[in-house]
Amino acid sequence: MTILTSAQRTTQEYIVLSLAGASALCILPFFIMRSLAGEWAIAILDLFAVCSMSSIYWYVFRTRETKMAGFILAILCVVVLFVTVSLKGMAQLVWAYPVTVALFFLLSPYKAVLFYLVMLVCLSPGIFAKTPLITALSFVISSTATMVFNFVFAKRMRDQQAQLMVLSSSDPLTGIGNRRAMDDALLDETVRLNAMHGISTLVLFDLDHFKVINDNHGHSEGDKILIQLVQLIQVQLDKSCRLFRYGGEEFLLLCSGKNLTEASELAESLRVLVQNTSLISEENITISAGIAEYSANETPEQWLERADNALYEAKNAGRNCCKQH
Ligand SMILES: Nc1nc2c(ncn2[C@@H]2O[C@H](COP(=O)(O)OP(=O)(O)OP(=O)(O)O)[C@@H](O)[C@H]2O)c(=O)[nH]1
């Protein structure tokens, strides 16, 4: 079973860490040069930027929280740019371009546009007062073009990312969560249960003699039965239960907050429902289920293995029944 380990960092963590780390390293030489030149106002600003960016790097590295950190980093970039331009003059406007790009890495596309507009409104009075009109307009137009290109790219990337998330976590046949989504949910659930001492129970169920159904009616009829079975079961579930396709004709119900007795009652009611529902004419479709309540400090694999052992018992007991572990 492939389970995400807590050591794996998300893309957003890498982005915030890279931007905060690279910004701190890029500004550090300017702090040294300005200190040596005795330009104390701007040297203190550079030192403030280096310390703030390093703190954000350290915070994300330790806590792995990126939302607030990214937001603060975006504010810092805009503020440091504004103060630098105010102190050192219009030549510093070149930094507006990397700041604009950074905003789209750190924030959602619409928030990044908003930050860019605020930045432009803050900078514009100085630019129009201190530079020729043509230079000021060139800056406004070229930086706005940079913002628009970034917006189009970032929006498209985000939409594709959301689509990929759905595709990578759902089963194409039945539309429920696939094995990857199940692994992630089990890992999250065990972490939560160990932290909060909650209860949760797995119901692993499997269609009985499905090979015979496939052989008698064809694979496409078998597919339809899997789809109908999922639809039949899903409408019986409350929000605390999540259904995943474990593989083939095997499904997993993750019942958060349900103990062994409650989950066994649910499994039994589903078994009876499937038995009494005609999913295909001339065949009596049934399911067998294995039920296991979470034991403290178990790994997802150990928990699932106990449910699997109980399912094995149900199959050995003649099928069309539920067993607990
Ligand atoms: N139609 C269809 N069949 C599938 C799919 N995935 C797995 N199967 C079939 O499910 C059957 C599983 O067979 P077995 O593992 O022998 O299990 P079974 O026949 O249900 O027997 P028991 O589980 O022991 O009751 C195989 O024939 C697979 O081809 C699928 O997506 N669609």
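1. Ground rules. The model is predicted: local features need pLDDT of at least 70, side-chain atom pairs count only at pLDDT 80 or more, and totals for chains, interfaces and linings use all residues. Numbering runs from 1 along each chain as its sequence is written, and side-chain values use heavy atoms, with hydrogens and water left out.

2. Overall form. The protein has eleven helices and five strands. Helices (H or I, at least four residues) and strands (E, at least two) are DSSP runs, numbered from the N terminus. The radius of gyration is 29 Å, well over the 20 Å that the globule rule gives for 325 residues, so the protein is more spread out than a compact globule. That radius is taken over C-alpha atoms, and the rule is 2.2 Å times the number of residues to the power 0.38. The C-alpha trace spans about 85 × 40 × 25 Å along its principal axes.

3. Domains. The assignment gives domain 1 (11–169) and domain 2 (179–324). Such bounds come from an automatic or database domain assignment. The domain centres, taken over C-alpha atoms, are 49 Å apart.

4. Burial. Of the 325 residues in the protein, 43% are buried. Buried means under 20% relative accessible area, exposed over 50%, and partly exposed in between (1.4 Å probe, protein chains only).

5. Ligand shell. Which residues come nearest to the ligand? They are Phe210, Asn214, Asp223, Arg245 and Arg319, out of 16 around it. A residue is near a molecule or strand if one of its heavy atoms lies within 4 Å of it. By class, the shell holds three nonpolar, five polar and eight charged residues. Here Ala, Val, Leu, Ile, Met, Phe, Trp, Tyr, Cys and Pro count as nonpolar, Asp, Glu, Lys and Arg as charged, and the others, Gly among them, as polar.

6. Where the shell comes from. Strand E1 (200–207), helix H8 (210–217) and helix H9 (219–234) each supply at least two residues. H9 gives the largest share, four residues.

7. His209 places a backbone N or O atom 2.9 Å from a ligand oxygen. Lys211 also has a backbone N or O atom 2.9 Å from an oxygen atom of the ligand. From the side chain of Arg319, an N or O atom lies 2.7 Å from a ligand oxygen. Taken alone, the ligand exposes 660 Å², and the protein buries 68% of that. Accessible areas come from the Shrake-Rupley method with a 1.4 Å probe; for residues, only the protein chains shown count as cover.

8. Positive phi. Check two residues here. Arg64 is not a glycine, yet its phi is positive, about 65°. Arg64 sits in the loop between helix H2 (40–63) and helix H3 (67–88). Its relative accessibility is 29%, partly exposed. Asn297, also not a glycine, has a positive phi of about 70°. Its loop runs between strand E4 (287–293) and helix H11 (300–316). Asn297 is exposed, at 64% relative accessibility.

9. Gly198. This residue lies in the loop between helix H7 (179–196) and E1.

10. Ile27. Helix H1 (residues 11–36) contains Ile27. Ile27 is buried, at 17% relative accessible area. Its C-alpha lies 7.4 Å from that of Ala49, 22 residues apart along the chain.

Conventions: Polar contact = N/O pair within 3.5 Å; in protein donor to acceptor, adjacent residues only side chain to side chain.
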